[in-house]
Amino acid sequence: MTVSIRELFAAKDLKIPEEDFKVVESRWNAIAKLKEQIKDLPLESYDISLCNTAGGDHLE
């Protein structure tokens with residue numbers, strides 16, 4: 001059974017504007033597709049990390 005993005009957001013009590021659901025759902029599906037493509041790869045093939053620096057539009 002696939003859970004829709006609307007159901008997932010409702011379960012987590014997340015509220016976003018109705019017009020944003022299309023964008024969120026599109027990105028959600030793209031991430032799910034990428035996850036499916038890498039599920040059988042060895043860990044070292046996709047072992048990465050991301051760091052978000054709030055307000056940091058710079059590279060170190």
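Which side chain meets that of Glu-36 in a salt bridge? The partner is Lys-39, with N and O 3.2 Å apart. The model described here is predicted. This briefing covers its salt bridges, its aromatic pair and the residue Arg-6, which takes part in contacts of both kinds of side chain, charged and aromatic.

**Salt bridges**
- The count of salt bridges comes to three.
- Glu-18 and Arg-6 form one of them, at an N to O distance of 2.7 Å. Because Glu-18 belongs to the loop between α1 and α2 while Arg-6 belongs to helix α1, this pair ties together parts twelve residues apart in sequence.
- Another joins Lys-15 to Asp-13, whose closest N and O atoms are 2.6 Å apart. Both Lys-15 and Asp-13 are exposed.
- In the bridge between Glu-36 and Lys-39, Glu-36 counts as partly exposed because its relative accessibility is 48%. Lys-39, at 53%, counts as exposed.

**The aromatic pair**
- The model has one aromatic pair. The ring centres of Phe-9 and Phe-21 are 6.1 Å apart and their planes meet at 50°, so the pair is tilted.
- This pair links distant parts of the chain, since Phe-9 lies in helix α1 (residues 5-11) and Phe-21 in helix α2 (residues 21-38), twelve residues apart.
- Phe-9 and Phe-21 are both buried.

**Arg-6 and its surroundings**
- The charged end of Arg-6 sits over the ring of Phe-21, 4.3 Å from the ring centre.
- Arg-6 has a relative accessibility of 42% and therefore counts as partly exposed, whereas Phe-21 is buried.

Terms used
Residues are numbered from 1 along each chain as its sequence is written. This is a predicted model: local features need pLDDT of at least 70, side-chain atom pairs count only at pLDDT 80 or more; totals for chains, interfaces and linings use all residues. Side-chain values use heavy atoms; hydrogens and water are left out. Rings of Phe, Tyr and Trp (its six-membered ring) pair if their centres lie within 6.5 Å; planes under 30 degrees apart count as stacked, over 60 as edge-to-face and the rest as tilted. Helices (H or I, at least four residues) and strands (E, at least two) are DSSP runs, numbered from the N terminus. Buried means under 20% relative accessible area, exposed over 50%, partly exposed in between (1.4 Å probe, protein chains only). A charge sits over a ring if NZ of Lys or CZ of Arg is within 6 Å of the ring centre and within 35 degrees of the ring normal. A salt bridge is a side-chain nitrogen of Lys or Arg within 4 Å of a carboxyl oxygen of Asp or Glu.
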